[in-house]
Amino acid sequence: MKRKRKISKVISLLTIFALVATALAGCGGSGNETNKQGASSDGQATKTITWLSARPADGAIVQTMRELASKYAEEHPGFELDIQVTSDRPSYLTKLRTLIASGEAPELLDMDADPYAQQLADAGMLVDMKQFLDEQGLYDQFYEPALKYQELPDGSLYLLPLEYQLEMTWYNKKIFKENNLSVPKTLDEMLTVSKKLKDKGITPIAVDGVDVWPLLRYAAMVPFRATGNEFARNLSQGKAKMTDEVGMQAANFAYEMGQYFQEGFATTDYTTAKNMFLNGEAAMYNMGTWEIPSFIDNNMPDNMKGNVDYFYLPTMANAKTPDNEFFGNSGIGLAASADKFDATTKDFLSYVLNNYSDIYVAKQQMSPLKFEIKDESQFSDLYLRIKKDMDNYGTEFAKPWDTLLDPNTNSVMSDLIIKLMMRATTPEEFAKEIDNTIAQNVTN
């Protein structure tokens, strides 16, 4: 019965794609062609492949890919990588789905490991990256958590990581010392520390509420410690409910934590929240290793130099996950269109993966491929310390809820988590609304 439903879903998906493609063709279609081949003025064969990217155009990943493409072109005259960046995520997703529906998906494209990617994989439209990595002898060259983060809901691997990040709570050592506070080892202690700070008139936590995902991290803390990623996956598939015991623990924890954010946190953006912490206006700030440069002494205000440290996700009684597993990510994944994965595209992707770390790490970034640091003098003490943390990490990251939930539920969850943490709704009301939304939007 499950097999029939799966086939039916794939056929429906392909039918939709076909209908949209026909409609677009009726409107004149598109003149954009990827996988372009031709000849240069000197008769040299040319080959252009396109990468549709949702990453910052000036970010380390895109810069690294440009450098690798240039080096590859030196050995393969006529080759060119056309990087088409749309860094605004909603706009990118609209463009991505339109191109896929019209049959014009490029060779390489950025995707999250979400239900949509699962649909495309089921329809045979994406390259099986597990198979590709095995063929290239590269699977074991990746940090295991970085690959596991990219796994689709059914556990398959159709996306490749191009980064590897850990998430932690940065804290002001001076504030902690002056108030005789210890780094919290449990989630209950985190609430206690936050209350003591607030009672003394100190803002416990600075948070970016505008982007919402930093708020969702707090809702996901208890479930990850209690069940690993099991609860979040089951919730996203309608196999678990927010009103279940673990879900209610999560809702109550988020409800309590919300009172320890800065005033007006729902309208505070990323940069403002970070600067609040860097200016000493908040005791803690939850963010990832992509912000390492911001926390190096040379880049911080004088009053914060030597005054910042970090701790990872605290644990809880009867935790299922070990202390060395917590929130982290390997970002949006890199997928390849199955019908355009020809010899050149495959060879270029292999070249990228074999040479990626050398260039990416030199930019003070953490590569998803295992790497050694030959000259430690080129890196900050903070970078080297976190590199050791990564080398001693467990096997699985906590999955962010916003990459697991279907788009409609994700939108509702984003609205409700703000209300919950502002105490404009109760944990019980929050849980019931989430359950109702999932029941309406999830198809098994």
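User: What is the relative accessible area of K419?

Analyst: This is a predicted model, in which local features need pLDDT of at least 70, side-chain atom pairs count only at pLDDT 80 or more, and totals for chains, interfaces and linings use all residues. Residues are numbered from 1 along each chain as its sequence is written, and side-chain values use heavy atoms, with hydrogens and water left out. K419 lies in helix 15 (residues 407–421), where helices (H or I, at least four residues) and strands (E, at least two) are DSSP runs numbered from the N terminus. With buried set at under 20% relative accessible area, exposed at over 50% and partly exposed in between (1.4 Å probe, protein chains only), K419 is classed as partly exposed because its value is 43%.

User: Which residues does K419 contact, leaving aside its neighbours within four places in sequence?

Analyst: K419 lies 9.6 Å from G258, C-alpha to C-alpha, although 161 residues separate the two in sequence. Contact itself requires heavy atoms within 4.5 Å, and by that criterion, with neighbours within four places set aside, K419 is in contact with A424 and T425.

User: How far does helix 15 reach from its first C-alpha to its last?

Analyst: Helix 15 has 15 residues, and the expected span of a helix is 1.5 Å times one less than its number of residues. That gives an expectation of 21 Å, and the reach of helix 15 is close to it, at 21 Å.

User: Which residue caps the N-terminal end of helix 15?

Analyst: After helix 15 comes R423, whose phi is positive, near 65°. At the N-terminal end, the backbone nitrogen of N408 lies 3.1 Å from a side-chain oxygen, and the residue that supplies this oxygen as the cap is D406.

User: Which helices are included in what covers the buried residues of helix 15?

Analyst: The buried residues of helix 15 include M413, L416, I417 and L420. Their cover includes helix 9, helix 11 and helix 16 (427–441).

User: Is T268 buried or exposed?

Analyst: T268 is placed in the loop between helix 11 (245–257) and helix 12 (270–278). Not counting residues up to four places away, T268 touches V207, D208, G209, V210, Q262 and A273. Because its relative accessible area is 9%, T268 is buried.

User: At what distance does a polar contact join the side chains of T268 and Q262?

Analyst: A polar contact is a pair of N or O atoms within 3.5 Å; within protein, one must be able to donate a hydrogen and the other to accept it, and residues adjacent in sequence count only if both atoms are side-chain atoms. The T268 side chain also reaches the backbone oxygen of G264 at 3.0 Å, while its contact with the side chain of Q262 is at 3.1 Å.

User: Which strand gives the most to the lining of the largest cavity?

Analyst: On a 1 Å grid over the protein atoms alone, a cavity is a set of points where a 1.4 Å probe fits but cannot get out, and lining residues have an atom within 4 Å of a point. The largest cavity holds about 80 Å³, where grid points are joined across faces, edges and corners and a volume is the space filled by probe spheres set on the points. Helix 9 (213–227) and strand 5 (165–172) each supply at least two lining residues, and the most, three residues, come from strand 5.

Notes. 1 Å grid on protein atoms, 1.4 Å probe; cavity = no way out; pocket = protein on both sides within 12 Å on 5 of 7 lines; lining within 4 Å.
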